[in-house]
Amino acid sequence: MGALHEGHLSLVRAARASTDVVAASIFVNPTQFGPNEDLAKYPRSFERDRELLEREGVELLFAPSVEEMYPAGAVTWITVEGLSDKLDGRSRPGHFRGVTTVVAKLFHIVEPDAAFFGQKDAAQVAIIRRMVRDLNLPVEIVVCPIVRDPDGLAMSSRNAYLDPEQRKHALVLHHSLMRMQGLVDAGERDTDRLLAAGRAEFEEERSMRLDYCELVDPDTLDPVADISNGALAAVAAFVGNTRLIDNVVLKNNTP
């Protein structure tokens, strides 16, 4: 959606390394915002973004208008049932319906062989993968690692909303995930104990309002009772009026 940062550019570089031609789209998609969300103030920096993409060697930039993407009277939607109401979808009703509809439109218009997405939006990744499978769309979904600032904060366009103090508080998302990963490394497998430890980080950081802290299957987004086979630890929280998300795939590294 623009307001590009190193996380976005890492996707461009991954595409550049494995494909012949790279296309990028910039479109602040109104249908994935709720009525009280930040559509009007979402950061927009088109000329800067265009220059960054050009510098990275992107051959095609697709930046349509809302009217082009949503013809007057459009009533057709794509919904991935059973996944779109989990994690961010539970907190943001209708959000993933807007995401899957616009992504399907972009796939249809651009016809890419491969599409590159960031792991930071883990629920989005799971839902788009399912959509592609279910609709037999001829595109490979490539998921790239989260890009973080040196202190661990996951890069996000919405980080631009944070003042220095809020940014410091926002590190609790990463701390919560690392606390759970540390327990897994020490042999813990019980999800209740892992979640209690992750949520405790937010209880100590009163300036943050926890939305969710969950351990789920990375493909189905269903809660897991045991993480012996791995699990997605996902968190979302508000600092002020800004909602941030982060996640880590917990792995059982013990023999």
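## Starting from a buried strand

Buried here means under 20% relative accessible area, with exposed being over 50% and partly exposed in between, using a 1.4 Å probe and protein chains only. Strands and helices are DSSP runs numbered from the N terminus, with at least two residues (E) for a strand and at least four (H or I) for a helix.

A word on what you're looking at: this is a predicted model, where local features need pLDDT of at least 70, side-chain atom pairs count only at pLDDT 80 or more, and totals for chains, interfaces and linings use all residues. Residues are numbered from 1 along each chain as its sequence is written, and side-chain values use heavy atoms, with hydrogens and water left out.

Back to β6, which covers residues 231-239. Nine of its nine residues are buried, so the strand is largely enclosed by the rest of the structure. Who are its partners? Two strands count as paired if DSSP finds at least two bridges between them. On one count, eight bridges join β5 (residues 208-216) to β6, and these two run antiparallel; within that pairing, L210 stands opposite A237. Then there's β7 (residues 242-250), joined to β6 by nine bridges and also antiparallel.

Now zoom out. The protein has nine helices and seven strands. Its radius of gyration is 18 Å, close to the 18 Å that the globule rule gives for 255 residues, so the protein is as compact as a globular protein of that length. That radius is taken over C-alpha atoms, and the rule is 2.2 Å times the number of residues to the power 0.38. Along the principal axes, the C-alpha trace spans about 50 × 40 × 40 Å. Of the 255 residues, 48% count as buried. If you look at contacts (heavy atoms within 4.5 Å) between residues at least 6 apart in sequence, 71% of them join residues at least 24 apart.

What about charge? The mean positions of the 28 positive and 39 negative charges are 2 Å apart. Lys and Arg count as positive and Asp and Glu as negative, leaving out His and the chain ends; each charge is placed at NZ of Lys, CZ of Arg, CG of Asp or CD of Glu.

A3 isn't a glycine, yet its phi is positive, near 50 degrees. You'll find A3 in the segment before α1 (6-18), and A3 is buried at a relative accessible area of 11%. E111 is another non-glycine with a positive phi, about 55 degrees. It sits in the loop between α5 (95-110) and β3 (114-118), but E111 counts as exposed, with 63% relative accessibility.

Last stop: S84, in the loop between α3 (66-69) and α4 (88-91). S84 is buried, with a relative accessible area of 13%. Leaving aside residues up to four places away in sequence, S84 touches T79, G89, F96 and I127. D190 lies 106 residues from S84 along the chain, and their C-alpha atoms are separated by 26 Å.
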